[in-house]
Structure formats: structure tokens, C-alpha cells
Amino acid sequence: MQAAVDERTAIQAAIRQGLSNDEFQLYYQPQVDQNGTLVGAEALIRWRHPSKGLVTPDFFIELAEETGQIVQIGTWALDVACKQLKAWESDSNHSRLYVSVNVSARQFHQPNFVDEVLRIVEINGANPHRLKLELTETVVLDNVDTVISRMKHLNGVGIEFALDDFGTGYSSLSYLKRLPLTEVKIDRSFVNDVIADASDAAIVQAILAMSQTLGLGVIAEGVETREQYDFLVKHGCQKFQGYLFGKPMEIDGLSRIAIPFGIK
Ligand code: C2E
Ligand code: CA
Ligand code: CA
Ligand code: CA
């Protein structure tokens, strides 16, 4: 017990130090349309720990959420993503790409969240129409009226929202309709088994049909094989993200991706 507490305290201190030593980095994972054309990228945080090497978020995001450090991390990530959007603006190959940034529940529910997002977009001169925020069901389940009003406020300047990990949580269809979302992201656990498991296939088809009815865009995450991609295309999925198209990579890697990316 004490050992576990000590370890948490140590990680917490290491995160604090990592933030001040600039050890965090954003990786970008390509998102493509049905033609395999690159349309955007999801920003995914990595930690270049001086002794542990490249650390993935599973190791620290949950703890950072509990300690509240996720607020500072999330602000940092948004700032870096906005700088990237600004840098892409003058580059004709990349000026129309979206960047999706993950927003945690704790961050979204900060009283000044809307002001912070607007401030960061503005100081970086980023085009808000190219920014997408990914929210999970844990964000939107809490205090839904406040959530909707915050989303609408940010929609007002052009920022869009995607509902992440869709299908894993408990959101009811009735307020899925109320939330001002641009798209839902089919969780990778369903995509993973979509070929082998009939119930996952049925869930994916249901999500795709429902999204069409509600006029929502859909992106599938965790697409690893051509078979999964073909199944998704056949059932009307519009956008795709997964190892089939590219793993999360440093920004230079993304800049080298040819457009159209070409799945055919
Ligand atoms: P997520 O938002 O669901 O991100 C997708 C995860 O799936 C990423 O893991 C990505 O590397 C992985 N992935 C993508 N395609 C494939 C595939 O084809 N196969 C497999 N097996 N995996 C795939 P990653 O980068 O380790 O991130 C884990 C989670 O950490 C993210 O899940 C997200 O919830 C969180 N996270 C990452 N960056 C941030 C951030 O800046 N802020 C917040 N609040 N959370 C973040
Ligand atoms: Ca995400
Ligand atoms: Ca996800
Ligand atoms: Ca997921």
C-alpha cells in the first residue's frame, strides 16, 4: 500500500518536472477519407523521459487526471497543436488538415475552459475551423446542459467536436442528438474484431446507420487491416484512423505523407 502511494507521488513529481523540462511531445496519427486522402491528424501525447525513454500516455494520463495535472498537460497539448495548425497554414499540402486534440473531463469542466481554448487559439493565430476537440462520454455525461452550452460557444468560432471511444460508455441516444457534435469515433475495440465477431460487426453497422440518420460524421479508429477497412467502407464509414494508414508519428513523418495517401 505504502509502496503504491510512494510510486504515485514519485510519478506525480516526475510529471511536474517533465512539464518544466519540456519533456512532453505531440505525436500525430493520420486520419484519411474513403479515398485514402489525408484529411487530418490526431495529436497524441508522448513523454520523452530522460531515463525511461518514450513513455506512452497509458502510463501517466490516468494519474494526471486524478492529480489535476491533466489540466496543465491538456493546455500544453492544445498550445502545441495550435502552433502546428499555424505552421501548416502557409503550406498548401497541409493547410486544409484538421488537428484533433483530446480533452479530458477534468480539463473540460474547469470554469475557464472556454476562455482558455479561445485564448490559446488566438495567441497562436490558429484557424479555429481546423481545430477539433475529442471528448469522451465521461466528459459529456456530467452536467449535460453546461457541456452543451460550452460546446456551442466554441462551435461559434468554428471549433468542432468529436465523441471519442464511442460505444464503450453509457451515453443515451437521446442526448447524442442534443450534443453539437460533428462526428463520433467508433472505438477501436469494436473495429478490432469486426471481421471475426458477429456482434461487433452488428454494433459497428448500427453506429454507422445511426450516425447517418442523425447527420453525424463517423470516423473509425484502430483500423489495422484491409479487411476491416473494406467492411467499414461497405457500411458507409467516411473516415479512418489506424496502423493501416500510419502509426502516431513525429510531425516530420506526417509532412512526408504523400497526398493522396492512396489505399487503392
Ligand atoms: P485515444 O484517444 O482513444 O487514442 C487512440 C489510441 O489508439 C492511441 O493510443 C493510438 O496510438 C492507438 N491506436 C491508433 N491506431 C491504432 C491501431 O490501428 N491499433 C492499435 N492497437 N492501436 C491504435 P495512445 O497514443 O497510447 O493514447 C492512449 C490514450 O491516451 C488516448 O486514447 C487518449 O485517451 C489519451 N491521450 C493521448 N494524448 C492525450 C492528450 O493530449 N490529452 C488527453 N486528455 N488524453 C490523451
Ligand atoms: Ca482520442
Ligand atoms: Ca479513441
Ligand atoms: Ca480508445
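**Exercise 1.** Find which protein donors hold the calcium ion (ligand 2).

*Solution.* Step 1: the donors are Glu 42 (OE), Asn 102 (OD1), Glu 134 (OE) and Asp 164 (OD), at 2.2 to 2.3 Å from the calcium ion (ligand 2). Donors are N, O and S atoms within 2.8 Å of the metal (3.2 Å for Na, K and Ca), and water is not among the atoms, so sites may look incomplete. Step 2: along the sequence, the spacing of these donor residues is E-x59-N-x31-E-x29-D. Step 3: distant parts of the chain are linked by the pair Asn 102, in strand S4 (residues 98-102), and Glu 134, in strand S5 (residues 131-135), which are 32 residues apart. Strands (E, at least two residues) and helices (H or I, at least four) are DSSP runs, numbered from the N terminus.

The model is predicted: local features need pLDDT of at least 70 and side-chain atom pairs count only at pLDDT 80 or more, while totals for chains, interfaces and linings use all residues. Residues are numbered from 1 along each chain as its sequence is written, chains are lettered from A and ligands numbered from 1 in the order in which they are written, and side-chain values use heavy atoms, with hydrogens and water left out.

**Exercise 2.** Find which residue coordinates both the calcium ion (ligand 2) and the calcium ion (ligand 3).

*Solution.* Step 1: the protein donors of the calcium ion (ligand 3) are Asp 164 (OD), Asp 165 (OD), Glu 221 (OE) and Glu 221 (OE), 2.3 to 2.7 Å away. Step 2: Asp 164 coordinates both ions, which lie 3.8 Å apart.

**Exercise 3.** Decide whether Asn 102, Glu 134, Asp 164 and Glu 221 are buried, partly exposed or exposed.

*Solution.* Step 1: take the cut-offs, with buried under 20% relative accessible area, exposed over 50% and partly exposed in between (1.4 Å probe, protein chains only). Step 2: Glu 134 is buried at 1%, as are Asp 164 at 6% and Glu 221 at 11%. Step 3: Asn 102, at 28%, is partly exposed.

**Exercise 4.** Describe the lining of the largest pocket.

*Solution.* Step 1: a pocket is an open set of points on a 1 Å grid over the protein atoms alone, where a 1.4 Å probe fits, with protein on both sides within 12 Å along at least five of seven lines; lining residues have an atom within 4 Å of a point. Step 2: 44 residues line the largest pocket, and Leu 44, Pro 57, Asn 102, Asp 164 and Asp 165 lie nearest its centre. Step 3: strand S2 (residues 38-49) gives the largest share of this lining, 5 residues.
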